[in-house]
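Dear colleague,

I am handing over the structure below, and my notes on it follow. Please read them with the coordinates open beside you.

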Amino acid sequence: MAVFVIAGLGAYVVQVQSAFARRQCSAIDKKRALYVAEAGLAEAVLAVSQGRSGELGSEDVPVRFHDGVYWVESESINDGRRVLTSRGRVGIGAFTVRLQVLPNVNPVGNVGFFGDEGVLIGDAVILDGFDSRDGSYDAQTVTGFGFPTTGADALVQSNADIVLDDAATWPLGTPDPYLVHVKGLPTEIQAQLLALDPTCAERLALSAANLVPLYSYILGALRAGVDHTVQTNGNTKILTLTPSENEVLLPDVIEPITRLDVETMDIVLVGKKDVNQVSGRTKKIEVKKGGSLELHGPAVLHVDELKVKKGGVVILDDSSGPIHLHIGKKLKFEAGSLLISSNLDVASRGCYISIPPPADPKNDDDVELKCSGVFRGILYAPGHRITLPTGLRYFGAASAKHLSIADGAWVTFDKAFRHDGVGVPILPRQNSWEIIQEEPRAALKIGFDPLADLRRRGIEPKTPANASPEAIAHAAYLDANGLLQSFDGVLDQTQIGAMDRVISLRWLDPVTDSYGEPLRPSGMDPDDTIEAYRAQVRAAR
């Protein structure tokens, strides 16, 4: 009897200990599976930053990570966001995590029209927005406003106050500020403006039909800084007032890498000069009356000073690639000068004008825009006070130390500039993270170790380097000599090393056998600015 009792107690203790050991082993495997699933998400976010879908491996052929495996599923949702679901397995443990990301966020284009120390909006201003990836601006306009507008999607932000300089009363019969502006131009400049700017005739027709609004319209979001206010007389039509939860953090201005000196001395233009697909720098360019500077993308041009006199013209043609115009010190467009984005087609890549902060913060007036015309792109002058003038029809985004929008200006935020870009580091933005509870699969219930199970079935797991289904790419790039080149095929490190500056990249989708949208993924320039910006973001958080 004693032997049976002791044996029974021993068996019970062994069983309890065994159950405890199994639970402990299961908990350890589950925790390790969480780490493996997180590693899968990290690899997927890296793939997204490279322009891929973020999908890695599959349940049948997963990706090996140390003693476990993972696979990541990627799903596209609204507004360009992607949902990444990573499933990790180690031993008898399993864990699933999900992350929502906004790919390749441009930190400058993403904030719309932004003034760090304040924004001032004048009278009779139209502020709206559209998404050029969905078609032209005209194709997205709606009725009900009396003038052609999309009626939504504007974005105006500041880390300080936003002042709406709307008059208490707008006297009847007051002429349209744009009409007054055009009539004040010399006759020959008016003729050039009508010939080069397709939006000029439209705005003059609205003025002639008395369809120009008497008050400012901010058809979108208006967001003052944390603990700051929006000041108004109450006449501006505002679609949405939204509070700021955090201070907006912008990256440093990046000086582009260029391959040649265009000219060591100052360039003075009194005639027409075409600059095609340049990667160069020069000290000073001055465009005199009757002179014309025409830049054709893809182009990277560093100029210490760019001055455009009355009657001078600057034309930006980005139909074949983006244009990055980096101004080292001063940018001056005098009244009566013209700035023209010659291609407003939705397939064009945009123009990026960047100006670093001055050495002395008090000298913040070295950017002057008094020009007429039309511009599509991003203006980035984080250390300067700038004014978007009445005569410039503006599509895109702009950021400055202080941003003013003159009376009668028509400014449209292009949401496409939230992604991709030139001259700033482009990073995926993580919107949410969650744990997914799922029913254990059959292999887990049986207790198969995933790696042993793969060996039993004769399957070799993938490595992170070859886990993405997108391998073939079409790339346009500038080589070490600054010449435009293209590449089709499997993109490897050797080929990437031959690319001095990536202009655009399109991945072949193996499911649809078609190339995706062209983009410029992060990490494609030979500098360390992306890591520096990441450090700033970490410090701010």
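Which arginine lies over the face of Tyr137, and at what distance from the ring centre? The residue is Arg393, at 5.2 Å from the ring centre. Please keep in mind throughout that this is a predicted model.

Aromatic rings

Tyr137 also belongs to a cluster in which ring pairs link it with Phe130, Phe395 and Trp410. A search of the whole structure finds nine aromatic pairs, and two of them are described here. In the pair formed by Phe130 and Phe395, the ring centres are 6.1 Å apart and the planes stand at 75°, which is over the 60 degrees required, so the pair is edge-to-face. Because Phe130 lies in strand β7 (residues 126-130) and Phe395 in strand β25 (residues 392-405), this pair ties together parts that are 265 residues apart in sequence. Phe130 is buried, with a relative accessible area of 4%, and Phe395, at 6% relative accessibility, counts as buried as well.

The pair of Phe147 and Tyr217 is also edge-to-face, with 5.3 Å from centre to centre and 75° between the planes. This pair links distant parts of the chain, since Phe147 sits in the loop between β7 and β8 (154-158), whereas Tyr217 belongs to strand β10 (residues 217-223), 70 residues apart. Phe147 has a relative accessible area of 5% and is buried; for Tyr217 the value is 18%, and because the cut-off for buried is under 20%, Tyr217 is buried too.

Strand β24 and its partners

Strand β24 (residues 372-388) has 14 of its 17 residues buried, so this strand is largely enclosed by the rest of the structure. Strand β21 (residues 338-341) pairs with β24 in the parallel sense over three bridges, and in this region Leu338 stands opposite Ser372 of β24. Strand β22 (residues 351-354) pairs with β24 in the parallel sense over four bridges, where the bridge partner of Cys351 is Gly377 in β24. Between β24 and β25 the pairing is again parallel, over 13 bridges, and Ile386 stands opposite Leu403 in β25. Strand β25 is also the strand that holds Phe395.

Nonpolar cores

In soluble globular proteins, nonpolar side chains tend to be buried together. The largest nonpolar core here has 66 residues, of which Ile121 and Leu127 touch the most other members. Leaving aside residues up to four places away in sequence, the contacts of Leu127 include Phe113, Ile121, Ala154, Val156, Ile405 and Val411, and Tyr217, Ile218 and Leu219 are among them too.

Cysteines

How many disulfides does a search of the whole structure find? The search finds zero disulfides. Cys200 counts as buried at 0% relative accessibility, and Cys351, the partner of Gly377 in the pairing with β24, counts as buried at 1%.

With best regards

Terms used
Residues are numbered from 1 along each chain as its sequence is written. This is a predicted model: local features need pLDDT of at least 70, side-chain atom pairs count only at pLDDT 80 or more; totals for chains, interfaces and linings use all residues. Side-chain values use heavy atoms; hydrogens and water are left out. Rings of Phe, Tyr and Trp (its six-membered ring) pair if their centres lie within 6.5 Å; planes under 30 degrees apart count as stacked, over 60 as edge-to-face and the rest as tilted. Helices (H or I, at least four residues) and strands (E, at least two) are DSSP runs, numbered from the N terminus. Buried means under 20% relative accessible area, exposed over 50%, partly exposed in between (1.4 Å probe, protein chains only). A charge sits over a ring if NZ of Lys or CZ of Arg is within 6 Å of the ring centre and within 35 degrees of the ring normal. Two strands pair if DSSP finds at least two bridges between them. A nonpolar core is a set of buried Ala, Val, Leu, Ile, Met, Phe, Trp, Tyr and Cys residues joined through side-chain atoms within 4.5 Å. Contact means heavy atoms within 4.5 Å. A disulfide is a pair of cysteine sulfur atoms within 2.5 Å.
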